[in-house]
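Open the model in your viewer and keep the sequence panel beside it. The stops below can be selected one after another.

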Amino acid sequence: MQKAAAYTLGGLVLIAGLLLYSGHPVLNRPGPFGLPAGNWIAWAALIALPSAQLLGLYHKQNREKDPRIGVFYIGSLAALTLSLLWGVLSYGLAGNWAFVFQQQEAFVGSTEAANYFFYLSAATAALPLLILVLYLIYRSL
């Protein structure tokens, strides 16, 4: 059951990555609550990646066999927490749920805040990937 969920979440990450990479028109369509579907898809993918790692790689049976895997588990929990908070933090930077930034004097919603939004999004996506790479290096040693 855990592996099926992990594979499903991994598939979601791949599909979302392909949609975002290709700039598919579905990303601009209004989704639930009038937000662009691309925001929902990106947020789901950011949550799915650490969730898949937690269910697939760092689950309890693997941690019992090798207690050092607990470090990767804790790192993935931190990545999952950041992923869950990504939308709220992004809203705090943009001042709107569409994450639209404009040239203005106030920080919230400004082009300066857009830089922080970019770094927040990059860190949220890169953290689980970094943990995965470190885990694969650890397993290969």
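How many of the 20 residues of H2 are buried? Select residues 37–56, which make up helix H2. In this predicted model, 14 of the 20 residues of H2 are buried, so the helix is largely enclosed by the rest of the structure. From its first C-alpha to its last, H2 reaches 27 Å, close to the 28 Å expected at 1.5 Å a residue.

**The whole chain**

The protein has five helices and zero strands, and the order along the sequence is α-α-α-α-α. Along its principal axes, the C-alpha trace spans about 55 × 30 × 25 Å. Of the 141 residues, 33% count as buried. The protein exposes about 8700 Å², and carbon and sulfur atoms supply 70% of that area. Taking contacts between residues at least 6 apart in sequence, 57% join residues at least 24 apart.

**Helix H1: valine 13**

Select valine 13, in helix H1 (residues 2–22). Is this residue buried, partly exposed or exposed? Valine 13 is partly exposed, because its relative accessible area of 21% is not under the 20% that buried requires. Apart from its neighbours within four places in sequence, valine 13 is in contact with Ala45, Ala48 and Leu49.

Next, select residues 69–94, which are helix H4. This helix has 26 residues and reaches 37 Å from first C-alpha to last, close to the 38 Å expected at 1.5 Å a residue. Look along H4 for a kink of about 45 degrees, centred on tryptophan 86.

Move to glycine 87, also in helix H4. Glycine 87 counts as buried because its relative accessibility is 0%. Which residues does glycine 87 touch, not counting those up to four places away in sequence? They are Trp43, Trp97 and Phe99. Draw a distance from glycine 87 to leucine 46 as well: these residues are 41 apart along the chain, and their C-alpha atoms are separated by 10.0 Å.

**After H4: glycine 95 and phenylalanine 99**

Step off the end of the helix. Just after H4, glycine 95 takes a positive phi of about 80 degrees. Then select phenylalanine 99, in the loop between H4 and H5. Its phi is near 55 degrees, a positive value in a residue other than glycine. Phenylalanine 99 counts as buried because its relative accessibility is 11%. Phenylalanine 99 is also one of the residues touched by glycine 87.

Leucine 134 is found in helix H5 (residues 111–140). With a relative accessible area of 44%, leucine 134 is partly exposed. An α-helix has 3.6 residues a turn, so residues three or four places apart point the same way.

Key
Residues are numbered from 1 along each chain as its sequence is written. This is a predicted model: local features need pLDDT of at least 70, side-chain atom pairs count only at pLDDT 80 or more; totals for chains, interfaces and linings use all residues. Side-chain values use heavy atoms; hydrogens and water are left out. Helices (H or I, at least four residues) and strands (E, at least two) are DSSP runs, numbered from the N terminus. Buried means under 20% relative accessible area, exposed over 50%, partly exposed in between (1.4 Å probe, protein chains only). The expected span of a helix is 1.5 Å times one less than its number of residues. The bend at a residue is the angle between axes fitted to the seven residues ending there and the seven starting there. Contact means heavy atoms within 4.5 Å. Accessible areas come from the Shrake-Rupley method with a 1.4 Å probe; for residues, only the protein chains shown count as cover.
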